[in-house]
Amino acid sequence: MKIVGLMALHYGIEFLPWAVRSVIDEVDEFWFVHTPVGNHAGGPSDLPLPEAEHPATLYEAAQAAAGGKFRWYSHSGWHSEGEQRDTIFQLAPDADRVLVVDSDEIYGPGLALAAIAASVHQPDIRNWRLPFIHLWKDFYHAVLHDPAYPVRLINPRAADGDATFDAVAYDAAKRELLTRTVDYVPEFRTCVVHCGYAINPELMRYKMTIHGHRAELRSDIDWYHERYMNPAAVRDLHPVGSEYWNAEVIDPFTYLPPFMAEHPRLSKAVAA
């Protein structure tokens with residue numbers, strides 16, 4: 001079975017190497033599908049891309065992180081994020097599974113392998129949704145109860161079907177994994193840790209101008225200043241709006257792989 005990693009890329013240098021590291025052992029090749037133009041909102045930003053996110057810098061970081069599994073494709077003509085992501089089916093037509101990893105997403109230990117194992121038991125399912133939590137401003141606060149799990153594993157051989165990596169899928173995966181020699185069978189709470197709300201303020205300001213839900217962004221508050229830049233804000237945090245988006249204090253290594261202890265942001269606790 002050929003497993004292909006996919007990262008749809010425009011920015012994300014702060015967490016990119018760590019995101020790749022969290023899954024690189026489970027993929028046969030890793031495609032970075034890059035656009036130099038922010039296209040998630042249907043057009044480019046009025047703000048410049050932060051200098052730290054220069055395409056050459058992203059390229060070098062991606063190549064170093066993926067090593068011999070590195071593949072790169074850059075294009076400026078996509079009209080949407082969906083077009084950008086779907087290009088993987090042309091770039092890797094022989095993929096049996098596509099593991100989606102955004103540049104700000106860290107897979108918990110064993111999760112990628114467990115999700116792939118679960119998909120083996122249900123080969124008619126195309127799209128697998130994986131559980132997520134969202135860091136808020138630092139490694140010590142997170143939104144833990146967002147029910148909107150995105151698709152992060154795709155079976156291109158299946159025509160359709162949608163499933164969530166839940167307790168049933170976990171049990172199937174665990175049985176599958178225990179028949180192999182593996183280093184780690186994850187606990188059921190293992191999830192993808194989304195770090196997109198624990199980024200530097202300059203990048204967050206840029207991100208909001210190309211956000212895929214830009215047309216839906218809140219008008220009742222100045223979200224950037226009243227939520228993201230407000231160190232006391234811990235409730236009602238979503239930039240579009242969600243009753244589930246309230247930050248809780250966490251032990252980061254309940255969710256993050258041990259190597260994240262090396263990340264420079266670990267020492268920064270900025271939320272109240």
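Trainee: Is Glu29 buried or exposed?

Mentor: Buried means under 20% relative accessible area, exposed means over 50%, and partly exposed is in between (1.4 Å probe, protein chains only). Glu29 comes out at 9% relative accessibility, so Glu29 counts as buried. Keep in mind that this is a predicted model: local features need pLDDT of at least 70, side-chain atom pairs count only at pLDDT 80 or more, and totals for chains, interfaces and linings use all residues. Residues are numbered from 1 along each chain as its sequence is written, and side-chain values use heavy atoms, with hydrogens and water left out.

Trainee: Which residue forms a salt bridge with Glu29?

Mentor: A salt bridge is a side-chain nitrogen of Lys or Arg within 4 Å of a carboxyl oxygen of Asp or Glu. Here the partner is Arg71, with the closest N and O atoms 3.7 Å apart. Arg71 sits in strand 3 (residues 70-74) and Glu29 in strand 2 (residues 29-34), so the pair links distant parts of the chain, 42 residues apart. Strands (E, at least two residues) and helices (H or I, at least four) are DSSP runs, numbered from the N terminus. Arg71 is partly exposed, at 28% relative accessible area.

Trainee: How many salt bridges are there in the whole structure?

Mentor: A search finds 15. One of them pairs Glu81 with Arg85, with the closest N and O atoms 2.8 Å apart. Both lie in helix 3 (residues 81-86), 4 residues apart, about one turn of the helix. Salt bridges with shared partners join Glu81, Arg85, Asp102, Glu105 and Arg152 into one network.

Trainee: On to the nonpolar core. Which residues touch the most other members?

Mentor: A nonpolar core is a set of buried Ala, Val, Leu, Ile, Met, Phe, Trp, Tyr and Cys residues joined through side-chain atoms within 4.5 Å. The largest one has 75 residues, and Phe30, Phe32 and Phe165 touch the most other members. Helix 5 (residues 111-121) gives the most to this core, with 8 residues. A second, separate core of 12 residues includes Val4, Ala92, Val100 and Val151.
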